[in-house]
Amino acid sequence: MEMPESLLLCYYGNPAKLNMSWSYDNPGRRFFGCKKFGNRFRKPCRFFSWFDPPLTPRSRVVLLRLLKKVRTLEDARKRERRTWFFVLVIVTVLLFFKP
Ligand SMILES: [Zn+2]
């Protein structure tokens with residue numbers, strides 16, 4: 001999805017950055033925040049403003065279930081890759097290091 005240009009300025013007059021929340025309460029909900037939020041070398045700017053309306057309870061449940069499924073599949077894929085790498089190493093050792 002295309003992210004719109006910044007429409008808001010933070011408390012210090014800098015264009016606010018559009019980010020996406022992945023918190024439990026607001027998965028996928030976009031918000032404007034200061035670019036320098038959390039920058040420890042300057043005075044922190046706590047500017048924050050939601051861009052998207054709140055999720056309905058149903059869409060929140062569906063999104064969280066989908067996210068859980070994606071993570072489960074990604075983990076399974078990583079395990080599968082490790083297994084195939086291990087098999088490749090064993091086959092290579094057996095082929096090239098015969099006594
Ligand atoms: Zn700021």
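Helices (H or I, at least four residues) and strands (E, at least two) are DSSP runs, numbered from the N terminus. The model is predicted: local features need pLDDT of at least 70, side-chain atom pairs count only at pLDDT 80 or more, and totals for chains, interfaces and linings use all residues. Residues are numbered from 1 along each chain as its sequence is written.

**Fold**

The protein chain has one helix and three strands. Along the sequence the pattern is β-β-β-α.

**Residues 81-97**

UniProt lists residues 81-97 as "transmembrane region" in an unreviewed entry; such annotations may be inferred rather than shown by experiment. In the model this stretch is 94% helix and 0% strand. Its end C-alpha atoms are 24 Å apart.

**Sheet**

The three strands form an open sheet, in the order β1-β2-β3, with antiparallel pairing. Two strands pair if DSSP finds at least two bridges between them. The edge strands, β1 and β3, each pair on one side only. Neighbouring strands of this sheet are turned by 40 degrees against each other on average, direction ignored; the axes are lines fitted to C-alpha atoms.

| Strand | Residues |
|---|---|
| β1 | 17-22 |
| β2 | 27-33 |
| β3 | 48-50 |

Strands β2 and β3 are joined by three bridges and run antiparallel. F31 stands opposite W50 in β3.

**Burial and contacts**

Of the 99 residues of the protein chain, 5% count as buried (20 or more other C-beta atoms within 10 Å of the residue's own, with C-beta atoms placed from the backbone). Contacts require C-beta atoms within 7 Å. Among those between residues at least 6 apart in sequence, 27% join residues at least 24 apart.

Conventions:
A residue is buried if 20 or more other C-beta atoms lie within 10 Å of its own, exposed if 12 or fewer, and partly exposed in between; C-beta atoms are placed from the backbone. Two residues are in contact if their C-beta atoms, placed from the backbone, lie within 7 Å. Axes are lines fitted to C-alpha atoms, for helices over the stretch in contact, and angles run from 0 to 180 degrees between N-to-C directions.
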